[in-house]
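Please look over the sequence and the model before reading the report.

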Amino acid sequence: MVLYKLEDFEPNYQDNFDGHDIKGLGVYTQGTDEKIGTVSDVLVDEEGHFRYLVVDLGFWIFGKKVLLPLGRARIDYNVDRVYTVGLTREQAEDLPEFNERQTLDYDYEERVRGVYRQPTDYTPVDTSAALDPLAPPAALDPLAPPPVAALATTPTYARDSYTYENEPSLYGLNEQDHQTLRLYEERLIASKRRQKTGEVTIGKHVETDTARVVVPVERERVVIERVTPADAGTAVSGREADFREGEVARIEIHEETADVRKEAFLREEVRVRKVVDQDTVETQETVRREELDVNSGNLPVEER
């Protein structure tokens, strides 16, 4: 596994960061907010994946540089800081020094990984005393591989098959750098419900009115005409002059009267039925939607 300096792998890498540079960011311990050092370089693999941050511990140990796996780093773009994840000051001091003139090989990286694999309260133990009780205690080499007793609880990997993906806790992007935000939005769901809006009652009642009809009728009346006969004044004989007292002429008088009666007849039929009218109603309501707020400072952020 060959590693390259970021600038050697991509001379114009700053163009991908909008001109900003990850180099020079301060490195702090997470939780205690104690400064460890400064990022002096970045190491990438053949595909350009970030693997290590080269940290200059000049703040603690003058001139010493160590490697910080990417999975143990959290970059806070708001304050331009890099926070170490699960790395104490003592572990940082135990890390093997990074020499830019030396070639990085599997053995060196294993020494680096061994420090990060150790629990924070781990103390190396010299097992040689168990083999030779008369031998004096040997000085512990912080750069030496962990003793056999410690390796019993440490994962082992084959030199030829090891990949950085074997240990995502060291080389994977941690959850702080890759978080999933779920953005919610409200929407209107249109449905219909049938409800009674009223009731129509249809019946009948009787109204009275005054109807008028014109009926022609006949009435008889008596007309008495007195005329002077042509032979008026002519003398008549006694036989002809028949004076009769009490003689009466009788004439019957008739008239017509209007005889009005009523009869019922069918005027019209009223048919009652229901029809359904189709219509479209528009309603509105206030809905909420979550939008993403990105505060990247001066560092590039790519949205996909």
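This is a predicted model: local features need pLDDT of at least 70, side-chain atom pairs count only at pLDDT 80 or more; totals for chains, interfaces and linings use all residues.

Residues are numbered from 1 along each chain as its sequence is written, and side-chain values use heavy atoms, with hydrogens and water left out.

**Overall fold**

The protein has six helices and seven strands; these are DSSP runs numbered from the N terminus, with helices being H or I of at least four residues and strands E of at least two. Along the sequence the pattern reads β-α-β-β-β-β-β-β-α-α-α-α-α. Of the 304 residues, 22% count as buried, meaning under 20% relative accessible area with a 1.4 Å probe and protein chains only. Taking contacts as heavy atoms within 4.5 Å, residues 24 or more positions apart account for 62% of those with a separation of 6 or more.

Strand β4 (residues 50–56) is largely enclosed by the rest of the structure, because five of its seven residues are buried. Strands are paired if DSSP finds at least two bridges between them.

| Pair | Sense | Bridges | Facing residues |
|---|---|---|---|
| β3 and β4 | antiparallel | six | Leu43 and Tyr52 |
| β4 and β5 | antiparallel | five | Leu53 and Leu68 |

β3 and β4 form a hairpin with five residues between them, and Gly48 in the turn has a positive phi of about 85°.

**Cavity and pocket**

Both are found on a 1 Å grid over the protein atoms alone: a cavity is a set of points where a 1.4 Å probe fits but cannot get out, and a pocket is an open set with protein on both sides within 12 Å along at least five of seven lines; lining residues have an atom within 4 Å of a point. Grid points are joined across faces, edges and corners, and a volume is the space filled by probe spheres set on the points.

There is one cavity of 30 Å³ or more, and the largest cavity holds about 50 Å³. Strand β5 (residues 65–69) gives the most to its lining, with three residues. Lining residues include Val55, Val66, Leu67, Leu68 and Tyr116. By class, this lining has eleven nonpolar, one polar and no charged residues; Ala, Val, Leu, Ile, Met, Phe, Trp, Tyr, Cys and Pro count as nonpolar, Asp, Glu, Lys and Arg as charged, and the others, Gly among them, as polar.

The second largest pocket holds about 1100 Å³. Its lining has seven nonpolar, eight polar and nine charged residues. Of the 24 lining residues, Lys192, Arg193, Arg194, Gln195 and Asp277 lie nearest the centre.

Key. Buried means under 20% relative accessible area, exposed over 50%, partly exposed in between (1.4 Å probe, protein chains only).
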